[in-house]
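Subject: The structure, with some notes

Hi there,

Here is the structure I promised to pass on to you. Have a look at it first, and then read on for my notes.

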Amino acid sequence: MSIISEAASGPVKYLKAQTRWHPIETVFWLATLLPFFFLPDYLQLASQIAITALFALSLDLILGYAGIVSLGHAAFFGTGAYAAGLFSKFVWGEPLTGLIVGTIAAALLGYASSFVIARFRHLTLIMITLGLGLLLQEAANSASWLTNGSDGLQGVTIWPLLGYFSFDLYGYTAYSYSLAVLFIVFLGARRLINSSFGLALRGIRENPLRMPAIGAPSRAHIRIVYTISAAMAGIAGALILQTTSTVALDSLGFERSAELLVMLVLGGAGMLYGGLVGSTIFMVARDQFSGIAPQFWYFWIGLLLIVVVIFLPNGILGGLSKIAAQWRRR
Amino acid sequence: MLPPVIGVLFDGIAYGMLLFLLSVGLSVTLGLMNFVNLAHCAFAMLGGYVTVLLMNSFGWPFFATLPMAFIVTAAVSVGFERVLYRRLYRASDLDQVLLTIGIAFISVAVAAYFFGTTQQPINVPSYMRGSFNVMGLDIAVYRLFLVGVGGVITLLLIGALELTRFGAQVRASVDNQRMASGLGINVERTFAVTFAIGSGLAGLGGALAIEIVGLDPNFAFTYLIYVLIVVSVGGLGSIAGSLVAAILIGVSDIAGKYYVPQLGAFLIYLVMLAILMWRPVGLFGKR
């Protein structure tokens, strides 16, 4: 990879260059404000997209940067959602506290499982993430006295945000809130990736054997990034609960994890914006094609996956940057 | 009189045999090429639909459809292998996972398009339906038949792998691919044939599974999880490992559902995680 060879020549210079804001990034974030002015009817959808983008970003940290393929990331999303939901239902309905509770719950679970995750690679790792996710879903299913099973958690009331902005039908509050949280978390993730820790993660992805050999504590790094990623997924889960006031078992399930993987890879894994772009395209497409039965929708997803893997190995963003690079060379 | 635990054990073994048929092909091809094929159960589903189509639309008898389920699935899988899979042998796990999940998604949609999303009914011959009583224990004929088929196929596979020239080539390729090709073994062709046989067995398993677990378009994903569990617990590339793991998972699943129904599928996931933590390469895995 060209990025790595540049890095070898001057890591500090490279990191500094990466930290600088590109004009396209500014344009991207300004564009996220457009729905307020031009698509006021779609704010609810926009808030769902922002939340899914956050979820995809959390997977990108472990998959795109550290190379950990997970088929069970929805476990943390669901944990965040259920923790925030149960907290709001039984204790205290203030949204920001609920957000923190969801985050902490997912982070704790992520930290506990990270000790297992850090020990394995390849198929065993995929199976362990899948198994942990399924285990959690079964647990939530058997604890139906608490979670209300597949009918979903009912009777959650979320108080107005900051005591003033209530979650309305139009989604003004929901979108502003989700977008603000997404942006803040994105800044954190961006900082993390453009640090020496971020470089160490990329090292693990490129060669998991060499990193310990040059003295990098790879397992500790994986544990940290996995916990952070779980916490971020928990934030996304708590947000989805607070903006929709309900959560069901499918938010923990394998389909959710697989879908997330599709979005991330569609956008491009390992480039921060990949998950954001992929989830936007995926969610808008699903909204547009919501008329067709879900099983046929999966036909197009499947086809898209095959096309992306064969022709666009780095996703849409990877393809675009390749075109841009060719154009610049001319 | 035999205690009911024997009955649970028997049902578990019959179910395990089914899982073995569904998963043994994946285990061998994974061990051979390290290719993570999540579309394996889509091939099994294809076998099931071949049987349904031949029986319900063409009036074929059940037993005549079984070889067809094997042949059609094997032929289709080789097509996929030559056109799509071959490109990704050296790609990352992630690319393989994505490509094959894509194929599985498409298979679900195609099955739903042609057959609808409902369960497919088939009529197995009446003499396969009943059960007989052995010392106070009800033995279902069909389950006994499954155990028989599973046993015969295990023997055939082990025999073919241990005693034939082709089997020796497969074993050599699993052990060391580069060395095997250095000795003049055409690893790619060995793999294609093994892949076809493995997928064919999955197709046969899918056809045999209809009577026990039914068939609908979600089969490709529901049983994928079981198959992956069997493969990773048993160890890649090991037929004996797949058999032991399949029976272990089958018995745990049936026993769990019988004795502690409130746990649901909890038990097999626990068994899997425990075994993988103890031996990351699976019970019989070498690498």
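What pLDDT does chain B average, and what share of the residues score at least 70? This is a predicted model, and chain B averages a pLDDT of 85, with 98% of the residues scoring at least 70. For the model, the scores are ipTM 0.80 and pTM 0.83.

**Where the chains meet**

Let me start with the contact between the two chains. Chain A puts 28 residues into this contact and chain B puts in 34 residues. On the chain A side, helix 8 (122–142), helix 14 (254–267) and helix 16 (294–311) each supply at least two residues. Helix 8 of chain A gives the largest share of that side, with 12 residues. Sorted by class, the side of chain A that touches chain B holds 20 nonpolar, 7 polar and 1 charged residues.

**Helices 6 and 8 of chain A**

Helix 8 of chain A also packs within its own chain. Its axis and that of helix 6 (residues 74–90) of chain A come within 9 Å and cross at roughly 30 degrees. Angles under 35 degrees count as roughly parallel, so helix 6 of chain A and helix 8 of chain A are roughly parallel to each other. From helix 6 of chain A, the contact uses A74(A), A75(A) and Y82(A), while L132(A), G133(A), L136(A) and A140(A) come from helix 8 of chain A. The residues of this contact between helix 6 and helix 8 of chain A are 6 nonpolar, 1 polar and no charged.

**Two residues of chain A to look at**

W297(A) is in helix 16 of chain A. Leaving out residues up to four places away in sequence, W297(A) touches R286(A), F289(A) and I292(A). W297(A) counts as partly exposed because it has 17 C-beta neighbours inside 10 Å. For scale, the C-alpha atoms of W297(A) and L61(A) are separated by 28 Å, and the two residues are 236 residues apart along the chain.

The other one is L272(A), in the loop between helix 14 and helix 15 (273–288) of chain A. Most residues other than glycine have a negative phi. L272(A) is not a glycine, yet it has a positive phi of about 60 degrees. L272(A) counts as buried because it has 21 C-beta neighbours inside 10 Å.

**A hairpin and a helix pair in chain B**

In chain B, strand 1 (residues 131–134) and strand 2 (residues 137–140) pair in the antiparallel sense over 4 bridges. V134(B) stands opposite L137(B) in strand 2 of chain B. The hairpin has 2 residues between the strands, and M135(B) takes a positive phi near 50 degrees there.

Next come helix 5 (residues 141–163) and helix 6 (residues 165–175) of chain B, which pack at an angle of about 80 degrees with their axes 5 Å apart. Helix 5 of chain B is therefore roughly perpendicular to helix 6 of chain B. In this pair, A160(B), L161(B), E162(B) and L163(B) of helix 5 of chain B meet G167(B), V170(B) and R171(B) of helix 6 of chain B. The residues of that contact divide into 4 nonpolar, 1 polar and 2 charged.

Best wishes

Note on methods. Residues numbered from 1 in each chain as written. Chains lettered and ligands numbered in written order. Predicted model: local features only at pLDDT ≥ 70, side-chain atom pairs only at ≥ 80, totals over all residues. Contact = placed C-beta atoms within 7 Å. Nonpolar A, V, L, I, M, F, W, Y, C, P; charged D, E, K, R; others polar. Buried ≥ 20, exposed ≤ 12 C-beta atoms within 10 Å, placed from the backbone. Axes fitted to C-alpha atoms, helices over the stretch in contact; angles between N-to-C directions. Parallel < 35°, antiparallel > 145°, perpendicular 65-115°, else oblique. Pairing = 2+ DSSP bridges. pLDDT = per-residue confidence, 0-100.
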